[in-house]
Amino acid sequence: MKVALFVTCLVDLIRPSVGMAAVKLLRDAGCEVVVPAAQTCCGQPAVNSGDRADAVAIAKRVIDAFSSFSHVVVPSGSCAGTIKVHYPELFQDDPVMARRARDLADRTFELTTFLADVLKVGAIAGRFDAEAAYHDSCSGLRELGIREQPRALLAGIAGLELQELKGAATCCGFGGLFCVKYPDISEKMVDAKVDDILASGADAVLGGDLGCLMNIAGRLSRRGVPMNVRHVAEVLADMTADVPPVGGREARGSA
Amino acid sequence: MQSTARAFTANARQALDDAKLQVALARFPEGFPVKRRLAVERLPEFEALRDDAKEIKDHVLAHLDYYLERFEAKVAERGGQVHWCSDAEEARTLLVKLCRDAGATTITKAKSMIGEEIGVNDCLEEAGFKPVETDLGEYIIQLRHEPPSHIIAPAVHLSKDQVAEAFRAAHKDLPDDRPLNEPQEMLDEARAVLRRAFLSSSVGITGANMLVAETGSIVLVTNEGNADLTQTIPPVQIVIASIEKIVPTLEDAATVLRVLARSATGQDLSVYTTFTTGPRRSGDLDGPQHFHVILLDNGRTRMLGGEFREMLRCIRCGACINHCPVYGAIGGHAYGWVYSGPMGAVLIPNLIGVDEAKDLPNASTLCGRCEEVCPMRIPLPRLLRKLRDQQFEAGQVPPLFRYGLRWWARLARWPALYRLATGAGVATLGRLGRRKGRFRKMPFAGGWTNARDLPAPQGRTFQQWWSAEKGVRQ
């Protein structure tokens, strides 16, 4: 199966290892991976800031760039949600583009849902010695219904024990531009998330969205708490021994 | 009520620094949200009931004129009187006139958010009356001269000590040695004072949870029974309600009741649910001699014809507020006007103007928890985005964000330029951040780095790696 990867801007610029992990996972599952050159950002900052003109312009580019692929995979719930849920809403007054947007929405999948639900990949073998809290990012959880998929895939990782957070469904306070527009409120929210993680006894945090992970890792390290923060793809691709955690300087948590 | 929504950012900072408020807010996630979840789990048809309730309200909003006139006719048939007010000023003038006509001095009042919208207590006091709130939470905040911080739990921001303090300051006859440490002791004290007010009241003012068109009834739910004493003891009852409170039939009211208390407090039903139709009939043992309903528009018809119509389905259960992490961080007063949380962030700009409440639509992570729990399935995040669309179009976005977004969007539309610009930046930052893996400070990123470290980029982009790997592009 030929699969186009929408890398997302954050992964492309900040943490390409997540993209590499996605490529490995897709190839291991028998896919041929294509990365169209004409991709940048999904336009979520514009969508969420009321900048409709720019959101529409970026969405058109993305729709064009991925028009010829039957499956588009995104290693982020919120970017996949932008394409699947918000692109069609952007073109309500343009029937032709609306149809193309819905078509792309139908062909687009978040990475763990694609592996678990479409390719029917079961538990993936690997090793990650940690008691990890899984952070369900809001867009993935509520816009796309991602919850069981990453947990099912992680079930084959040796040494990993997953902790469920008390406030698992609560936002971490990232919210894209929210965290820089309202830093005081965002800090309070991420502190609540960090407290929840610490109370769980976890020594690692896993999640499917780099934005949330950077927020949580950034606050943890500012509070001086060592924690192995990872995108779920890196754990599933068994890359944790070679790649430092988010915000960390050396690999930890893996044998 | 005077709005302080313009000062949202400062209000929020103050709330974050208020230690007592933070203690009260910290208790919040363990309360209503847990009770709601358990109540919903007990009722397998809850999701279907949400759909039914939504449909009822959608139908009403599509035929609002018909049902309102039907309601008016039924109220008149039963000997009551309906008054139409287009804004708060009209409602205040009418209310004062009705109270004067009744020769009132003490006026008892049950909790009403419409009462907060029009500032009932202030206007009655100015006119020389003595209004007394009879809902315990409302009574407490009336003593403290502050607005409610939550639509169903108005004094949720206060500690026991603060309540005792308010009682000691206001109840001059209270002996100093009388203990006021436990909720029951405070309840007894409030009960004694309120009992006197009930018995001396000549006008009772209530809100309405619903107005039933087929019978002209009003529906009131409380957990304290105070609304029942407010409407049965005084000779004159005045109901103040906004026009979207209507439902067609008693059956419909029952459907809404089944989702209301469960969503709000996790109760299957509130302790008191009262249907009242018209004044006392001959032979009735109690009830008012005069029954007035003030139907208030105050911006609703404008919403009805626009993009925010779905907000008019709201039944004021507070579920969105109870589950909102932003509300959980700053409480209700920071929002600056009658309402708060996600419903407030949509409603306040609609009722008092987006200009007056610029921050409210933006101070949300759009996490979607509110929509998930809203019994009326109001797409709150989508409505917040619509408000942001309007603000952007009207040029109300701060220049830094406007130009930042524009710059990023331009770059995002030109992949080659994007890769050139970002590739260089990533390489530099990657080099600078390699040793520690993160930055403690970053120019122009204070919003981020004041509270968090910024994880350093790994040093080359995914696209550079893919090109180096000679990965497939088409």
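The model is predicted, so local features require a pLDDT of at least 70 and side-chain atom pairs count only at pLDDT 80 or more, whereas totals for chains, interfaces and linings use all residues. Residues are numbered from 1 along each chain as its sequence is written, and chains are lettered from A and ligands numbered from 1 in the order in which they are written.

**Chain A as a whole**

Select chain A. It has 13 helices and eight strands; helices (H or I, at least four residues) and strands (E, at least two) are DSSP runs, numbered from the N terminus. Along the principal axes, the C-alpha atoms of chain A fill a box of roughly 50 × 45 × 30 Å. The radius of gyration of chain A is 18 Å, which agrees with the value near 18 Å that a compact globule of 255 residues would have; the radius is taken over C-alpha atoms, and the globule rule is 2.2 Å times the number of residues to the power 0.38.

Of the 255 residues in chain A, 62% are buried. A residue is buried if 20 or more other C-beta atoms lie within 10 Å of its own, exposed if 12 or fewer, and partly exposed in between, with C-beta atoms placed from the backbone. Two residues are in contact if their C-beta atoms, placed from the backbone, lie within 7 Å. Among contacts in chain A between residues at least 6 apart in sequence, 75% join residues at least 24 apart.

**The two domains of chain A**

Next, colour residues 2-117 as domain 1 of chain A and residues 122-236 as domain 2 of chain A; the bounds come from an automatic or database domain assignment. The C-alpha centres of these two domains of chain A lie 22 Å apart. Their contact takes 28 residues from domain 1 of chain A and 21 residues from domain 2 of chain A. On the domain 1 side, the elements that give two or more residues are helix H1 (9-13), helix H2 (16-28), helix H3 (44-48), helix H5 (77-90) and helix H7 (111-118) of chain A. That side divides into 14 nonpolar, ten polar and four charged residues; Ala, Val, Leu, Ile, Met, Phe, Trp, Tyr, Cys and Pro count as nonpolar, Asp, Glu, Lys and Arg as charged, and the others, Gly among them, as polar.

**Helix H2 of chain A**

Zoom in on H2(A). Its 13 residues should span 18 Å at 1.5 Å a residue, and its end C-alpha atoms are 18 Å apart, which agrees; the expected span is 1.5 Å times one less than the number of residues. Ten of the 13 residues of H2(A) are buried, so this helix is largely enclosed by the rest of the structure. Among the buried residues are Val18(A), Met20(A), Val23(A), Leu25(A) and Leu26(A). Just after H2(A), select Gly30(A), which takes a positive phi of about 95 degrees.

**Chain B and its domains**

Now display chain B, which has 23 helices and twelve strands. Its C-alpha atoms fill a box of roughly 90 × 60 × 45 Å along the principal axes. Buried residues make up 49% of its 474 residues.

Chain B is divided into domain 1 (31-298), domain 2 (302-393) and domain 3 (404-468).

**Helix H5 of chain B**

Select residues 64-77 of chain B, which form helix H5. Tyr67(B), Phe71(B), Glu72(B), Lys74(B) and Val75(B) are buried. Seen down the axis of H5(B), the buried residues fall within an arc of 165 degrees, so they line one face of the helix; the arc is that of the directions from the helix axis to the C-beta atoms. These buried residues pack against H4, strand S1 (81-85), strand S5 (210-212), strand S8 (246-247) and strand S10 (290-296) of chain B. The face of H5(B) turned away from its buried side carries the exposed residues Asp65(B), Glu69(B) and Glu77(B). Gly79(B), with a positive phi near 90 degrees, follows H5(B).

**Between the chains**

Finally, show both chains: 57 residues of chain B are in contact with 64 residues of chain A. Helix H20 (residues 399-413) of chain B gives the most to the chain B side, with seven residues. The chain B side divides into 29 nonpolar, 13 polar and 15 charged residues.
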